[in-house]
Amino acid sequence: MAKIKARFYARALLDLTEGKTQNRKTAVASILQLLQKNGQLSLWPQVLAAYTDLLANQRGVVLANVKTEKALTPAQRAQISDFLCKHEGAKNVELTEILAPVGPGLILETTQKRWDLSVDHQIKEFKEQLIS
């Protein structure tokens, strides 16, 4: 039997709560029971993340994580938000900063895409180009 992906469970949860077929608590219980029945209960964190993303997308919001070694300035936050609005078609952006040892630069992630703008990554790509 093929395993069902987290995004499909999340879509089902959204459909149940959006159409008010079930209240949110009952819908969550139904999805959890289905995950358990299918032996996929470990997918719950991914289902919840995908559900949150689907809700945000309905509101025209892009959720993004920014990994960087030091805190972003307000100007940098604004540049990143503008970039995501342009490239993801969002009305609004919710940025979460994650301080991580990425070296100079940053890594920007949404649920759909990843932009690695760290110097380490750029050097790695340059080396690969030289070798090939």
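Trainee: What is the order of the strands in the open sheet?
Mentor: First, a heads-up: this is a predicted model, where local features need pLDDT of at least 70, side-chain atom pairs count only at pLDDT 80 or more, and totals for chains, interfaces and linings use all residues. Residues are numbered from 1 along each chain as its sequence is written, and side-chain values use heavy atoms, with hydrogens and water left out. Strands (E, at least two residues) and helices (H or I, at least four) are DSSP runs numbered from the N terminus, and two strands pair if DSSP finds at least two bridges between them. Here four strands line up with mixed pairing, in the order β2-β1-β3-β4.

Trainee: Which strands stand at the edges?
Mentor: Look for strands with a single partner, because one side of each is then left without a neighbour in the sheet.

Trainee: How many bridges join β1 to β2?
Mentor: Find β1 at residues 61-68; this strand and β2 run parallel. One spot to check is T68, which stands opposite L99 in β2. The number of bridges joining β1 and β2 is eight.

Trainee: What does the twist average from one strand to the next?
Mentor: Go back to the open sheet, with its four strands and mixed pairing. From one strand to the next, the average twist is 15°.

Trainee: How far apart are the closest N and O atoms of K67 and E109?
Mentor: These two form one of the six salt bridges in the structure (a Lys or Arg side-chain nitrogen within 4 Å of an Asp or Glu carboxyl oxygen). K67 forms its salt bridge with E109, and the pair links distant parts of the chain, 42 residues apart, with K67 in β1 and E109 in β3 (residues 106-109). The closest N and O atoms are separated by 3.7 Å.

Trainee: Are α1 and α2 roughly parallel or roughly antiparallel?
Mentor: Helix α1 is residues 6-18 and helix α2 is residues 24-37; they pack at about 150°, axes 9 Å apart. Axes are lines fitted to C-alpha atoms, for helices over the stretch in contact, and angles run from 0 to 180 degrees between N-to-C directions. Under 35 degrees counts as roughly parallel, over 145 as roughly antiparallel, 65 to 115 as roughly perpendicular, and the rest as oblique. So α1 and α2 are roughly antiparallel.

Trainee: How many nonpolar residues has the contact of α1 with α2?
Mentor: Contact means heavy atoms within 4.5 Å, and here Y9, A12, L13, L16 and T17 in α1 meet R24, A27, V28, I31, L34 and L35 in α2. Ala, Val, Leu, Ile, Met, Phe, Trp, Tyr, Cys and Pro count as nonpolar, Asp, Glu, Lys and Arg as charged, and the others, Gly among them, as polar. Alongside one polar and one charged residue, the nonpolar count is nine.

Trainee: Which residues in α3 do R24, V28, I31, L32 and L35 in α2 meet?
Mentor: Helix α3 (residues 44-58) packs on α2 at about 140°, axes 11 Å apart, and that makes α2 oblique to α3. On the α3 side, those residues meet W44, V47 and Y51.
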